[in-house]
Amino acid sequence: MSREHRQWRGMHVVVSTAWGWVRWGWSILTSMRTALWLLAVLTVAAIPGSLLPQRPSDPVGVARYVSQHPQWARWWERLWLFEVYSSPWFRAVYVVLMISLVGCLIPRVGRYARRLRSPVPLPSRAVVSSGGQHHLRSSAVGQWPQVVPTVQGWLRKRAYRVRVVPGWNPTQPEQVMIVAQTGMLRELGNVTFHLSFLGFLVAVALGTHWGYNADVALVQQQAFTNTPAQYDWYRPGAGVQASDLPQFTLMLQQMQVSFQRQGVDAGVPDSFAAHVQVRQQPGQPARSEVIAPNRPLNVQGTKVYLMGHGYAPQVTVRDGQGQVAFSGPVIMLPAEGDVAMTSPGVLKVPDSQPAQLGFEMTFLPTGLRLANEKGGTSLVSVFPEATRPVLVVDSVWVGQLGLDTGQPQSVYLLDTTHMQQVKVGQGHPPGHPPGHQPVTGELTVGTTLQLPDGLGNITFDGVQHFAGFSLRSDPGRGWALGSAVLALTGLVISLTMHPRTVWIVATPLAASAKATATGTQGATGWVVSLGGRSARGQERLERQLSQLTHYLEQQLRAQQQPTPVKEST
Amino acid sequence: MSMPSVVGQGQSWADLSDQLVIAAIVILTAALLAFAAYVAHKVRLSAEDEQTQPPQQGSPSPQQGCASQQQPTSQQQVGLGSAQVQPHRLGGVSGGQRIAAVALALSFLATVVLGVGVISRTLAVQRAPWGNMYEFSLMAALLALVIYLLMVLRWRIVGVGVVLVPLVLLGLGVAVEVLYVPATSLRPILNSPWLVIHVASVVVSFAIFGVAAAVTVLYLLRSSVRLARWVSWLPSARELDQLSYRLHAFTFPLYTFAVIAGAIWAESAWGRYWQWDPKETWSLIVWLIYALYLHARLTAGWQGKKAAVIALTAYSCFIVNYFVINLLVQGLHSYDR
């Protein structure tokens, strides 16, 4: 091939023009080979995202990795390896794959439609004369035309499109051919699969664009309205405005958890259920619902999932002037991996006087003092149910909490850069050494920890449960599922249908040269030969041809009877 | 994190199950020895045959036809047909037939024993027997053996056992030594009908793809020119290729369904049907490679050995997905730790 000529769909294309180059490039892009390479590249491209923590799903893991391997992390960051699936290069791969797919599909659909509308194609004479392993010789002075309709019926029953062509062979005009085709559905299945797959990708993209995700932790008896301000974490799709969000309210009435009490695996939860009250629109009556794992609540298109639970001890903090600076539940997230649900947490009290206070605490649902391996005792939680709740104050801090700076802070982390830890003995009369003993305390329900230096006190009032909910809205969800099911159907069809063509050529053994194509004047018998063609599934084709041969034999034998007997196959 | 364990009657079923699994491993090892003897016998037989007569196998053509645009017509002798392996190769000398019968009988026995072991484990845990990696491995091994025996019944291809039985034995060994956990009941988050459907279809796909991988390995061996002396007793390369394709083409929609069912379960449990969880990502990778295999079979120049290598890569990734991702990588799927 010279530089000026390229192959395009079997035609030579002159590429000295720019348009010629475009057409050639397009044919390469939409070829099967390109699709193979793109699939391979996509496969390899997906791998790094499964080995490195990804920012969208695991930001904490990413931060941990960055702190542990700063050098590598810099390089991975440059290559977008912490957000592989939204990175430009990953997107480029699947966009090109989609273009290749669409570019290949559209002409295929056109060709398929044309094939469906056109009659069954005739095999060429060369193919017919070289093929046709199955021969029948019948000496019946039979009426081949009488056999033809029954053969047609037999084929049609087996889902063939049949076409009878007398005079198909110009050199032997008395020959009659019946050609039949089946398995046309395969291409339909193939096209359906690929189009539905594209539809699935579009549904995913649009659903993400117009959907949102949010997390919120609710304490018992706490109400919640579906607005971004009340979320703990919110990620809207690009097309979602706060005003689009359905305005429902949710109140957690009771978080019901039952734990296994006996056996080696005591402490593992048996069941969870969050009893909530839902009000779909402001002004509507509230209704009671239960949210449990695998049973989300669907309200106005948003699904509310129960993702976790824990404890929120009620505390009251009185400041140095005797005012109540804080009173309420403090959500404390259970530590990962701990069956007994030891829950560290943080309380920030910005309103206390003379200075702001911060508390780092740990909640133990069933706190017992047990001997530890160092020879002393330590206070640990031994069971996740709140049977002996103990609130341990690990450290108290006084100073500036940093809530006014405008920088967002995590509710669960205390920033102590502008704070001092409160220690016993500070502020004593001069001459006495300052204390070094950090203020700590172990509070049971109803007890109070007094802070030195007139800073106030903290009281442990009681225990509440909280439930962690996840709100998910994805308008494309139904379409995605529908596309996936349709794709699966198309796939099954394309893998089970086998396109093939069979033909029967009947040649009369003409005694006289006057035998016509349809008549049998002078014919003393017929030579019938069968053949077929199939891209795959040779055995099936063979089997079908054998069956057809037997049937034809029966029919032609029936023609030999003086009175034609209609034999069943 | 420990799981709620079973007590009383359940524990005795669990103990029975453990013992039966060990017994199955022992029987399968004996079957492996029988298969080894079978191979040795066959190789020696074909070496003798070579000396006495010219080899008369079905065309060992590794490539499947030429350009994909041409459709071969039916007048070709359709090889040996998948229904008839030349019988004289199997029972040419009655000794070979006897050894094969012993190997198959032992495999059958091992399958039955393993099956009873799985049933008693099911009775012990009062739920579907694939709630953790140990049970999943048992189920996959059992299904692979059952499929193999059905294949022998239908197509009389004994040779696949030569590759499959060691694979299954390895899987069972790893299951018992490394993956074993005592019988436990289910965590609440896993108590969903989609669990049964999703994991069931994954374990069946894993088993059939495993058998298909064994057939593909045989195909590669059979179409290797260097090893021709050693493998000429196997069914023809074309036959093995056809069988491999049929198994893959049958299982691919099933695996697609498994991934979709997994997405549906994820949606009901975690709120998102796709979130690039490592296990989800690797399931997609496996799916893409099998899709690559199916496309390669339709493309000139990629059929035959190249496609076979792609199929084996896909199964290796499936194994990576099962072992590496479950045990090493943290994700939403890590129920087993």
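**Figure 1. The interface of chain A and chain B.** Chain A and chain B bury about 5200 Å² between them, 64% of it on carbon and sulfur atoms, where buried area is the accessible area (1.4 Å probe) that two parts lose on being put together, summed over both. In chain A, the residues that lose the most area to chain B are A:Leu36, A:Asn294 and A:Glu539, together 13% of what that side buries. The model is predicted, so local features need pLDDT of at least 70 and side-chain atom pairs count only at pLDDT 80 or more, whereas totals for chains, interfaces and linings use all residues. Residues are numbered from 1 along each chain as its sequence is written, chains are lettered from A and ligands numbered from 1 in the order in which they are written, and side-chain values use heavy atoms, with hydrogens and water left out.

**Figure 2. Residues on the side of chain A that touches chain B.** In this interface 61 residues of chain A are in contact with 54 residues of chain B, contact meaning heavy atoms within 4.5 Å. Five residue pairs across the interface, both residues at pLDDT 80 or more, are in polar contact, which is a pair of N or O atoms within 3.5 Å; within protein, one must be able to donate a hydrogen and the other to accept it, and residues adjacent in sequence count only if both atoms are side-chain atoms. Among the elements that give two or more residues to this side of chain A are helix H2 (32–46), helix H10 (477–496) and helix H11 (538–560); helices (H or I, at least four residues) and strands (E, at least two) are DSSP runs, numbered from the N terminus. The largest share, nine residues, comes from H2(A).

**Figure 3. Salt bridges between the chains at B:Glu267.** The rule finds two salt bridges across the interface of chain A and chain B, a salt bridge being a side-chain nitrogen of Lys or Arg within 4 Å of a carboxyl oxygen of Asp or Glu. The side chain of B:Glu267 meets that of A:Arg477 in a salt bridge at 2.7 Å, N to O, and it also meets the side chain of A:Lys303 in a salt bridge at 3.2 Å, N to O. Because A:Lys303 lies in strand E13 (residues 302–319) of chain A and B:Glu267 in helix H8 (residues 237–270) of chain B, this pair joins two chains. A:Lys303 is buried, with a relative accessible area of 17%, and B:Glu267 is buried as well, with 10%; buried means under 20% relative accessible area, exposed over 50%, and partly exposed in between (1.4 Å probe, protein chains only).

**Figure 4. A salt bridge between two helices of chain A.** A:Arg108 forms a salt bridge with A:Glu187, and the closest N and O atoms are 2.8 Å apart. A:Arg108 lies in helix H6 (residues 88–117) and A:Glu187 in helix H9 (residues 185–209), so the pair ties together parts that are 79 residues apart in sequence. A:Arg108 is partly exposed, with a relative accessible area of 28%, whereas A:Glu187 counts as buried at 11%.

**Figure 5. A salt bridge between two loops of chain A.** The side chains of A:Arg261 and A:Glu385 meet in a salt bridge at 3.2 Å, N to O. A:Arg261 lies in the loop between strand E9 (249–259) and strand E10 (269–279), and A:Glu385 in the loop between strand E18 (377–381) and strand E19 (390–399), 124 residues apart. A:Arg261 counts as exposed at 56% relative accessibility, while A:Glu385 is partly exposed at 25%.
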